[in-house]
Amino acid sequence: MNLAAASATANPHNPWLAHTVRIDRIVKETPGVATYDLVFEDAAVRKKFTFRPGQFNMLYLPGLGEIAISISGDPNQTGRVPHTIREAGNVTRTLAELSVGSTIGLRGPFGAWWPVDECVGRDVVLVAGGIGLAPLRPVIYDLLSDRERYGRVTLVIGAREPAALLYPSEYDDWIRAGLDVQVTVDRSVGTWHGNIGMVTALLHRLPLPDPGNTLLLTCGPEVMMWYTVQGAMERGLKAESLYVSLERNMNCAIGLCGHCQFGPQFLCKDGPVFRYDKVASIFKVDDL
Amino acid sequence: MTRSDANDVDHPKSGGTRQLTRFLDRQDLEVLIQRLTDDGYQVVGPTVDQGAIVYGDITTSADLPIGWTDLQEAGRYRLQRRDDDAYFGYVVGPHSWKKYLFPPVTVVASADRTEVGWQMSTPDETPPRYAFLGVRACELAAMKIQDKVFTGGPFVDPIYQARRNAAFVIAVNCTQAAPTCFCTSMNTGPRCSSGFDLALTEVVDGFLVEVGSDAGNELIQRLPVTEATSKQLARGETSRQQAVDQITKRMDTGGIQSLLMDNLRHPQWQDLATRCLSCTNCTMVCPTCFCSSVSEVSDLTGDHIDRERSWDSCFNIDFSYMNGGPTRNSIASRYRQWLTHKLATWHDQFGTSGCVGCGRCITWCPVGIDLTQEVAAIRSSPGLKADDIERDASSNGEAAS
């Protein structure tokens with residue numbers, strides 16, 4: 001019958017097959033959050049592996065299961081593939097007990113990416129909440145690697161408290177490379193001299209000289225993204241210039257298992273990054 | 001092909017020119033089964049088991065549900081003797097062919113602990129070669145829909161694809177319908193028009209046989225068939241028309257995508273939640289439902305792990321579990337997910353409805369929920385687009401980072 005032979009040859013790799021990766025480095029980021037640099041054991045796979053900012057991998061701990069984790073590294077660098085992971089469930093807690101040299105499995109990369117090509121010649125605002133900075137870090141690296149191609153680039157970071165800020169040691173490098181970094185925390189401590197409050201408050205007073213020509217990319221809790229896009233539209237940004245990264249239960253990552261559906265979208269293959277106007281009508285439907 | 005519908009995919013079996021209709025004598029059905037067996041096929045088809053007509057191995061025509069029929073209505077299914085010896089004198093049972101193409105439990109990958117760390121592999125097995133005997137038009141449509149799901153890309157499920165490619169399909173035209181049938185509303189039947197190798201229409205003393213593919217044409221050369229007489233053809237036409245005439249259930253599919261997606265906050269979902277048990281029966285018997293979950297199955301040493309894929313259901317509360325809790329925590333939200341997916345968002349995803357009108361979900365629902373009535377209820381009182389966005393927004397005004 002040779003059913004759908006064309007699509008089979010277009011994707012000859014068995015999508016269920018995970019590659020062996022070795023944990024090459026573990027960087028403790030914040031309490032309960034660490035970045036794992038993973039290296040493919042197979043040199044050919046290592047060389048061939050590329051990803052776009054915003055894409056994710058399925059990390060596999062045999063006997064425990066898989067988790068969908070956004071790649072948090074530089075898309076222009078090959079070799080080590082960083083994943084910033086918060087301890088949340090069985091798999092992530094067990095991963096936190098592993099040490100450098102351990103092997104796990106990896107399938108990927110999967111999913112849609114941030115519109116970095118569209119950013120060329122435009123102002124860009126990145127709004128990250130908590131661990132949501134991890135899927136946006138590849139965008140930061142990508143934009144800063146060729147900074148002149150873009151207009152104003154602003155990063156707004158929100159965290160619960162100063163200790164929960166992700167990658168703080170990199171902020172100075174990013175600022176030197178031409179990124180306007182704005183930081184705010186929900187709860188202050190004595191040594192904190194920065195902003196206090198939600199990212200939306202910061203966004204509200206952000207200079208946006210050319211809102212019609214500004215892209216906004218946001219990743220964080222859904223409610224934060226909702227207020228961020230509402231605030232951005234109030235400031236004159238267009239719905240089709242706003243991008244969000246959504247999260248749902250992910251099981252197969254290849255559009256076959258049904259778990260990650262959000263209305264008509266499969267988050268694994270249509271997302272996780274969506275142009276806001278594509279999901280606006282269902283964004284605030286309860287329990288969808 | 002006389003009919004084109006949204007479910008038609010580019011499939012070798014849907015092409016070709018219609019050939020002469022042949023006649024296979026009733027007693028020579030045995031020869032058909034033997035030829036398929038000799039060709040290396042595992043013939044599977046309807047059998048009577050556990051008080052129902054279910055699909056199982058067929059080694060002889062005596063395994064078929066000779067002289068049995070099924071009585072179906074919402075929440076009820078019973079077998080009953082017929083007053084004749086028809087082989088295919090029933091409608092559809094709780095099984096569908098997806099259990100062969102998309103097995104209820106199957107290993108998709110394995111992991112082995114070695115001296116150099118975990119090594120992963122995928123099964124390298126020769127797929128079983130099934131000959132499906134007795135595939136109804138709605139089931140042909142269901143296969144085409146699952147073809148799109150599993151092989152339409154961007155990723156292809158190798159297990160489904162291998163089994164599908166190896167399968168031989170013998171369709172059987174319906175000559176009767178149940179009160180739960182509504183294939184005519186979904187444009188999927190009852191006439192088998194494409195997607196088969198051979199199609200049979202059962203008449204009193206035998207079968208009219210149509211060829212739908214090269215493989216079917218090759219097989220029919222080796223069967224003791226004769227050219228069908230005009231009398232036999234007329235009998236077949238009468239029998240098939242009988243099924244059409246018996247279909248009473250209708251579902252108005254006009255604008256159904258916007259009807260459902262514009263009514264995500266309709267009170268009917270809450271009404272449904274007072275009846276639906278969230279038991280998953282509808283998704284298990286549905287010939288197109290494809291949701292699954294992979295679980296880790298370890299041997300005693302923990303050094304060998306099989307990744308086992310099992311049928312799952314959007315009605316299971318864990319199905320939408322995400323860091324801290326299920327996204328769809330209520331029965332109303334889970335039924336809404338199932339129905340909107342089946343009838344509305346399936347179109348966005350696969351360019352076709354996910355419903356073929358077979359009526360299984362109506363028959364096998366323990367409380368007799370009938371999706372066609374639920375759609376009609378929403379249609380009869382639309383416009384309740386109570387947009388709670390403002391209210392939601394003001395009640396979630398904290399913890400924005």
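These questions and answers walk through a predicted model of chains A and B.

Residues count from 1 along each chain as its sequence is written, and chains are lettered from A and ligands numbered from 1 in the order in which they are written. Local features need pLDDT of at least 70 and side-chain atom pairs count only at pLDDT 80 or more, while totals for chains, interfaces and linings use all residues.

Reader: How far apart are the end C-alpha atoms of helix 4 of chain A, and why does that agree with its 12 residues?
Author: Helices (H or I, at least four residues) and strands (E, at least two) are DSSP runs, numbered from the N terminus. The expected span is 1.5 Å times one less than the number of residues. For helix 4 (residues 133–144) of chain A that gives 16 Å, so the model agrees: its end C-alpha atoms are 16 Å apart.

Reader: How many residues of helix 4 of chain A are buried?
Author: A residue is buried if 20 or more other C-beta atoms lie within 10 Å of its own, exposed if 12 or fewer, and partly exposed in between, with C-beta atoms placed from the backbone. Leu133(A), Pro138(A) and Leu143(A) are among the buried ones. Helix 4 of chain A is mostly covered, and the count is 10 of its 12 residues.

Reader: Which residue stands opposite Tyr60(A)?
Author: Strand 3 (residues 56–61) and strand 6 (residues 103–110) of chain A run antiparallel, joined by 4 bridges. In strand 6 of chain A, the residue opposite Tyr60(A) is Gly105(A).

Reader: What is the bridge partner of Ala109(B)?
Author: Chain B has an open antiparallel sheet of 4 strands in the order 7-6-14-13. Within chain B, strand 6 (residues 105–114) and strand 14 (residues 304–311) pair over 7 bridges. The partner of Ala109(B), in strand 14 of chain B, is Arg307(B).

Reader: Which residues touch the most other members of the largest nonpolar core?
Author: A nonpolar core is a set of buried Ala, Val, Leu, Ile, Met, Phe, Trp, Tyr and Cys residues joined through C-beta atoms within 7 Å. The largest one holds 144 residues, and the members touching the most others are Phe132(B), Ile170(B) and Ala171(B).
The largest share of this core, 9 residues, comes from helix 3 (residues 137–151) of chain B.

Reader: How many residues does each chain bring to the contact?
Author: Contact requires C-beta atoms, placed from the backbone, within 7 Å. Helix 1 (5–10) and strand 8 (153–159) of chain A are among the elements that each supply at least two residues of the side of chain A that touches chain B. The totals are 58 residues from chain A and 55 residues from chain B.

Reader: Where does Pro154(B) lie?
Author: Most peptide bonds are trans. The bond from Gly153(B) to Pro154(B) is cis, with omega near 5°. Pro154(B) lies in the loop between helix 3 and helix 4 (158–166) of chain B.

Reader: Is Asp287(A) buried, exposed or partly exposed?
Author: Asp287(A) has a positive phi of about 60° although it is not a glycine. With 16 other C-beta atoms within 10 Å, Asp287(A) is partly exposed.

Notes: Pairing = 2+ DSSP bridges. Contact = placed C-beta atoms within 7 Å.
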